[in-house]
Amino acid sequence: MAERDILLDSTLDSVEIAEDAVLHDAQEIGFREEELHQIGMAVRETMVNAVVHGNRYNARKKVHLSVLKAPDRLTVVIADEGEGFDMNSLPNPLAEENLLRQSGRGLLLIQAFVDEFQVRRAQPGGTEVRMVKYLAKAS
Amino acid sequence: MSVKLTTRQVGDVTVIDATGRITLGEGASTFRDAIRDLATKGDKKLLVNLSDVSYIDSSGIGEMVSGFTTVTNHGGQLKLLGLSKRVKDLLQITKLYTVFEVFEDEAAAVRSFA
């Protein structure tokens, strides 16, 4: 198991840095192109949530990125220092009345692109998202 | 690379050829501004060609939905052309295939506005 830990500023540049770093690790494990796209997108959406909605671009707040590599899986943990949110309070983006809303699809996409997805309250504050993507077995 | 947009007329249909990435930041705002400008100046038949778009995130999808609403509110139509498998997957996941009319063939798309 190998781990990468990065502390990132609350800027959109950090979204690119995180995506590049995670994709580098995912490539080393052996994920293929389509899976890499899915992992990159899940990281991008989570980072955007952390920077924009969690830390609200606050220069004093950081985003914590951890990547854990195993032979059969990649685990990514992204935590912000924001006020947190209740997933159950978010509108369902697939409900007919919400289809034309401009925002609110990020979590839906993340969950579609990773195999495991957990959100919890971070300590001492903020939101921590943990995602796992398994390497597909060669047929 | 952000998104680059060029427009051309095919009959009375305005085709917007998009190239690059439509993601949070410059890409999404460029797309939003372009659609709003066209709708405001009275273009009512807009066909967005996404054949050369390599990446769209949830912000980009949001701007496409917003553009659709803006054009519809101005009495026009916004349709999509040339979606990659990845963009099609995004529309499936988000159920937006029920909102957008999508075409593979430009001539067929242009005819559909008539």
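In this predicted model, the helices α1(B) and α2(B) pack with their axes 9 Å apart and at an angle of about 5 degrees, where axes are lines fitted to C-alpha atoms, for helices over the stretch in contact, and angles run from 0 to 180 degrees between N-to-C directions. That angle makes α1(B) roughly parallel to α2(B), since angles under 35 degrees count as roughly parallel, over 145 as roughly antiparallel, 65 to 115 as roughly perpendicular and the rest as oblique. Helices (H or I, at least four residues) and strands (E, at least two) are DSSP runs, numbered from the N terminus. From α1(B), the residues B:G27, B:A28, B:F31, B:R32, B:I35, B:R36 and B:A39 meet B:S59, B:G60, B:E63, B:S66, B:G67, B:T70 and B:V71 of α2(B), a contact between two residues being counted if their C-beta atoms, placed from the backbone, lie within 7 Å. The residues of this contact divide into five nonpolar, six polar and three charged; Ala, Val, Leu, Ile, Met, Phe, Trp, Tyr, Cys and Pro count as nonpolar, Asp, Glu, Lys and Arg as charged, and the others, Gly among them, as polar.

Residues are numbered from 1 along each chain as its sequence is written, while chains are lettered from A and ligands numbered from 1 in the order in which they are written. As this is a predicted model, local features need pLDDT of at least 70 and side-chain atom pairs count only at pLDDT 80 or more, whereas totals for chains, interfaces and linings use all residues. The pLDDT, which is the predictor's confidence in each residue, from 0 to 100, averages 94 over chain B, with 99% of the residues scoring at least 70. The model as a whole scores ipTM 0.89 and pTM 0.92.

The sheet of chain B comes next. Five strands form an open sheet in the order β1-β2-β3-β4-β5 (chain B), with mixed pairing, and the edge strands, each of which pairs on one side only, are β1 and β5 (102-103) of chain B. Two strands are taken to pair if DSSP finds at least two bridges between them. Strands of a sheet pair through backbone hydrogen bonds, either parallel or antiparallel. In the antiparallel sense, seven bridges join β1 (residues 4-10) of chain B to β2 (residues 13-22) of chain B, and B:T6 has B:D17 in β2(B) as its bridge partner. These two strands form a hairpin with two residues between them, and B:G11 in the turn has a positive phi of about 65 degrees. In the parallel sense, β2(B) pairs with β3 (residues 45-56) of chain B over eight bridges, where the partner of B:G20 in β3(B) is B:V53. The helix α1(B) packs on the sheet, touching β1, β2 and β3 of chain B, and its direction makes about 170 degrees with that of β2(B). The helix α2(B) also packs on the sheet, where it touches β2, β3 and β4 (77-81) of chain B, its direction making about 145 degrees with that of β4(B).

B:L38, in helix α1 (residues 26-40) of chain B, counts as buried because it has 23 C-beta neighbours inside 10 Å; a residue is buried if 20 or more other C-beta atoms lie within 10 Å of its own, exposed if 12 or fewer, and partly exposed in between, with C-beta atoms placed from the backbone. Not counting residues up to four places away in sequence, B:L38 touches B:T14, B:D43 and B:L46. B:S2, in the segment before β1 of chain B, is partly exposed, with 15 other C-beta atoms within 10 Å. Leaving aside neighbours within four places in sequence, B:S2 is in contact with B:G20, B:R21, B:E26, B:G27 and B:T30.

In chain A, A:R56 lies in the loop between α2 (33-54) and β2 (62-70), and its phi is near 50 degrees, a positive value in a residue other than glycine. A:Y57 is placed in the loop between α2 and β2 of chain A, with a positive phi near 60 degrees. Most residues other than glycine have a negative phi.

The contact between the chains takes 15 residues from chain B and 17 residues from chain A. On the side of chain B that touches chain A, the elements giving two or more residues are α2 (58-73) and α3 (85-93) of chain B, and α2(B) gives the most, with six residues.
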